[in-house]
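Student: I am new to this structure. Please take one part of it and look at it closely with me.

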Amino acid sequence: MLEIRNITKTFNIGTSEENTIFDKFSLEVEEGIATTIIGPNGCGKSTLMNLISGSLPLDEGQIIVNGEDISKLSEEKRSKYMGKVNQDPKDGVATNLDIYENMALALKKNEKFGLKSLKKSADTDEIIKRLKELKLGLETKLHTKTGLLSGGQRQSLALLMATAKRPDLLLLDEHTAALDPKTSRNIMDMTRSLIDKEKITTLLISHNLRDVVRYSDRIIMLNKGQVALDLRAKDITEDELIKLYKKELRE
Ligand SMILES: Nc1ncnc2c1ncn2[C@@H]1O[C@H](COP(=O)(O)OP(=O)(O)OP(=O)(O)O)[C@@H](O)[C@H]1O
Ligand SMILES: [Mg+2]
């Protein structure tokens, strides 16, 4: 479904800060399952996601989605295929717009419209129905600016928006890292049920190895520009993963 083929990425080429993150790196991500990338700080997890989404340019190689080479497409064009939620709750929603306007925008993704016509043509019942599924009471705050919501409320809304029009690929870069443990668990539960319900091909990044075993299907550890581990979550326990991870870091 997603094929990363022989990609190369070096930051600050030709300077003393030159830093090669990937050198002919390849990875295939299977359709309809949740694959989580783990690995130490700075190993290139976010860089990989940014190369997939197009927010960073590739030096070499190809990104293939559903058989189509999207490497030369702009980030905006690629967003047709992808939904993305990052770690920062400010990123996933338009904070100067209210909840209703944000949801209306997400439901109109890939269509041309003005804000006025957007509001007029938005399906209020549909927006309320979807917000109710979050069980956070956001359906009673339709006209609250999203900048006034808590981090957890915003991340939940961002996830709902990123999946409002079923994306071919969902990219989640530590999307619960800034939240308290209970809110983080709620959002991970919601993420998993969205993936299961819609069979969305999902690539996650996480440092929470226990969550990783609980919530993903496939686990890939990235270290020094290579795939260090490639495991099925059903085949290992949380403690086994922690042990394997530490062993890889020592080597
Ligand atoms: N835009 C950039 N310009 C220069 N260097 C960058 C840029 N983005 C990332 N890097 C460098 O690339 C390396 C990998 O960064 P990246 O953010 O991908 O790591 P990560 O695995 O996501 O780490 P973390 O777990 O801390 O989020 C780091 O050394 C970082 O400093
Ligand atoms: Mg990162």
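This is a predicted model: local features need pLDDT of at least 70, side-chain atom pairs count only at pLDDT 80 or more; totals for chains, interfaces and linings use all residues.

Tutor: Helix α3 itself spans residues 99-107. It is mostly covered, with eight of its nine residues buried. A residue counts as buried if 20 or more other C-beta atoms lie within 10 Å of its own.

Now follow one of the covering helices. Helix α6 holds residues 151-162, and helix α7 holds residues 181-198. Their axes come within 10 Å and cross at roughly 10°. Angles under 35 degrees count as roughly parallel, so α6 is roughly parallel to α7. On the α6 side of the contact are Gly-152, Gln-155, Ser-156 and Leu-159. On the α7 side they meet Thr-183, Ile-187, Met-190 and Thr-191. By class, this contact has three nonpolar and five polar residues, and no charged ones.

For contrast, turn to helix α9, residues 238-250. Helix α9 is hardly covered: the count of buried residues among its 13 residues is one. From first C-alpha to last, α9 reaches 19 Å. That is close to the 18 Å expected at 1.5 Å a residue.

Next, the ligand. The residues around ligand 1 include Phe-11, Asn-12, Asn-19, Ile-21 and Gly-39. Also among them are Asn-41, Gly-42, Cys-43, Gly-44, Lys-45, Ser-46 and Thr-47. Two elements give two or more residues to this shell: β2 (19-29) and α1 (45-53). Helix α1 gives the most, with three residues. By class, the shell has three nonpolar, eight polar and one charged residues.

Last, two backbone details. Most residues other than glycine have a negative phi. Asn-6 is not a glycine, yet its phi is positive, about 50°. Asn-6 is found in strand β1, residues 2-11. Asn-6 is partly exposed, with 13 other C-beta atoms within 10 Å. Lys-224 also has a positive phi of about 50° although it is not a glycine. Lys-224 lies in the loop between β9 (218-223) and β10 (226-232). Lys-224 is exposed, with 12 other C-beta atoms within 10 Å.

Note on methods
Residues are numbered from 1 along each chain as its sequence is written. Chains are lettered from A and ligands numbered from 1 in the order in which they are written. A residue is near a molecule or strand if its C-beta atom, placed from the backbone, lies within 6 Å of it. Helices (H or I, at least four residues) and strands (E, at least two) are DSSP runs, numbered from the N terminus. Ala, Val, Leu, Ile, Met, Phe, Trp, Tyr, Cys and Pro count as nonpolar, Asp, Glu, Lys and Arg as charged, and the others, Gly among them, as polar. The expected span of a helix is 1.5 Å times one less than its number of residues. Axes are lines fitted to C-alpha atoms, for helices over the stretch in contact, and angles run from 0 to 180 degrees between N-to-C directions. Angles under 35 degrees count as roughly parallel, over 145 as roughly antiparallel, 65 to 115 as roughly perpendicular and the rest as oblique. Two residues are in contact if their C-beta atoms, placed from the backbone, lie within 7 Å.
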